[in-house]
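Colleague: I am new to this model and would like a close look at one part of it. Please take me through it slowly.

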Amino acid sequence: SDTIIERFFRPLVGGIQLDPALGDSHRMFDVIFRMLADGDSAVPAGGMQQIPEQLAARLPDGAVRLGARVTDTTATSVAVEGGDELAASVVVVATEGPAAANLLGLPPVDGKSVGCVYFSAPEPPTDERLVVLDGTGRGPVLNVAVMSNVAPSYAPAGRHLVVAALPGHTGERIEDDTRAQLRGWWGPQVDAWDHVATYRIQHGQPTQTPPFAPKQRVQLDDGRFVCGDHRDTASIQGAMYSGRRCGEAVAAHIGHTGVYG
């Protein structure tokens with residue numbers, strides 16, 4: 001019904017896809033709804049940074065170089081800001097869409113912005129492990145979660161971490177607008193919350209409007225490889241699935257050419 005679309009699906013799926021207008025392809029919705037129906041929802045106890053750290057932990061010491069901005073790539077080299085050039089048997093560009101497009105000369109990747117506001121609260125506004133939705137459609141906050149109800153390690157002892165998501169809202173008044181809206185939900189207790197951080201993310205996800213075809217190719221004609229959620233579905237799952245497809249393509253390329261290293 002129109003009611004469940006406006007009061008449930010728009011704030012839930014619109015928040016997940018950073019798409020309050022619900023203009024993305026239904027194929028992306030099908031993926032999200034299937035995952036929510038079939039699987040458990042969870043977060044790493046040590047924070048989302050645990051995902052790349054667990055991947056990096058399996059690499060040899062010195063394999064990861066941080067703080068080195070890449071300025072150019074070829075099929076066998078990577079140029080780094082400052083003049084260094086690194087030789088490689090295979091080059092994989094694993095970045096967000098706009099950076100990949102610039103480095104590889106691919107078509108521009110349109111994106112959706114999002115603002116996130118984090119508060120530390122002495123008492124949680126709810127004890128439930130759930131996502132609180134804005135069923136009014138007035139926004140700008142689309143949904144809120146008390147993350148410490150799910151993972152107590154996300155907040156210091158005796159405190160609670162409240163996170164508000166505002167797809168498309170990255171303006172200067174984002175904290176004030178968030179407090180004003182949540183004050184209408186939970187009353188004056190919101191004024192006692194401490195502001196922890198505000199993030200304004202201009203490219204939160206790639207746009208995936210119809211016609212939408214996931215599984216974009218990961219091996220380019222010039223011998224370079226590319227992966228990321230812009231080559232698959234706009235999600236962590238899509239990024240990792242794209243990475244697996246890319247890894248398999250690299251392995252096949254190395255086996256075919258006899259190049260190792």
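Colleague: Which residues lie nearest the centre of the second largest pocket, and how many residues line it?

Modeller: The model is predicted, so local features need pLDDT of at least 70 and side-chain atom pairs pLDDT 80 or more, while totals for chains, interfaces and linings use all residues. Residues are numbered from 1 along each chain as its sequence is written, and side-chain values use heavy atoms, without hydrogens or water.

Val109, Thr207, Gln216, His230 and Arg231 lie nearest the centre of the second largest pocket, among 22 lining residues. (A pocket is an open set of points on a 1 Å grid where a 1.4 Å probe fits, with protein on both sides within 12 Å along at least five of seven lines; lining residues have an atom within 4 Å of a point.) Its volume, the space filled by probe spheres set on the points, is about 460 Å³. The lining divides into 12 nonpolar, 6 polar and 4 charged residues, with Gly counted as polar. Helix H4 (residues 97-104) gives the most to this lining, with 3 residues; helices are DSSP runs of at least four residues, strands of at least two.

As for the strands, 5 of them form an open antiparallel sheet in the order E6-E7-E8-E5-E9, where pairing takes at least two DSSP bridges. Strand E6 (131-133) and strand E9 (194-206) are the edges, each pairing on one side only. Within the sheet, strand E5 (residues 111-121) runs antiparallel to strand E8 (residues 160-167), joined by 8 bridges. Val114 stands opposite Pro167 in E8.
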